[in-house]
Amino acid sequence: MARYEPWNEDRAREIITAKAATEGACLPILLEIQAVFGCVPQAAEPLVAAGLNLTRAEVHGIVSFYHDFRRTPPGRHRLQVCRAEACQAVGGDALGTHVRETLAVDWHGTTTDGAVTLEPAFCLGLCASGPSALLDGRPFGRLDPSRIDHMLDTLA
């Protein structure tokens, strides 16, 4: 479970300055901003654009294109449920419906207590053991509603 710093423009500028000379610096900078703050706030986009001599639209396009970038920090736990065809073929759709109903959130949502953020994943590479999910980066396969309920019940 990650701990994030609150948004700080000066800290963001440090990250941008430290990585600006990196080849293809925009993605590494955005990833580092998200690692530090838990998300890429809209306030970061003009800073990154200015630091890399890009337009704000170019930076916004990158943030909005990649599914892994978030606008708000995730919950204390991050549950990624596979939505790829192999997992769908063995019950992934029903599992996704079950977990959304159980948590009372939709994809990309966070429970009201801030405990779990639910995200779709498009292939976790666990195709032979679907339906699968990652909970805080730890893989789980051959999931069914009862197993996923047990996983969620054990979260602190």
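How many of the six residues of E2 are buried? I found that six of the six are, so E2 is largely enclosed by the rest of the structure. Buried here means under 20% relative accessible area, with exposed over 50% and partly exposed in between (1.4 Å probe, protein chains only).

Ground rules before I go on. This is a predicted model, where local features need pLDDT of at least 70, side-chain atom pairs count only at pLDDT 80 or more, and totals for chains, interfaces and linings use all residues. Residues are numbered from 1 along each chain as its sequence is written, and side-chain values use heavy atoms, leaving out hydrogens and water. Helices (H or I, at least four residues) and strands (E, at least two) are DSSP runs, numbered from the N terminus.

**Entry: the faces of E2.** In a regular strand the side chains alternate between the two faces of the sheet. I checked both faces of E2, and both are covered: Val116, Leu118 and Pro120 are buried on one side, Thr117, Glu119 and Ala121 on the other.

**Entry: the sheet.** I traced four strands in an open, mixed sheet, in the order E2-E1-E3-E4. Strands pair if DSSP finds at least two bridges between them. E2 and E4 (138-140) are the edge strands, each pairing on one side only. E1 and E2 run parallel, joined by six bridges; Arg78 has Thr117 as its bridge partner in E2. E1 (residues 77-82) and E3 (residues 133-135) run antiparallel with three bridges, and Gln80 has Leu134 as its partner in E3. I also looked at helix H7 (residues 145-153), which packs on the sheet and touches E1, E2, E3 and E4. Contact means heavy atoms within 4.5 Å.

**Entry: Thr111.** I found Thr111 in the loop between helix H6 (92-103) and strand E2 (116-121). Its relative accessibility is 10%, so Thr111 counts as buried. Not counting residues up to four places away in sequence, Thr111 touches Leu103, Val105 and Val116.

**Entry: two helices.** The axes of H3 (residues 44-52) and H4 (residues 56-65) come within 8 Å and cross at roughly 120 degrees. That makes H3 oblique to H4. Angles under 35 degrees count as roughly parallel, over 145 as roughly antiparallel, 65 to 115 as roughly perpendicular and the rest as oblique. Axes are lines fitted to C-alpha atoms, for helices over the stretch in contact, and angles run from 0 to 180 degrees between N-to-C directions.
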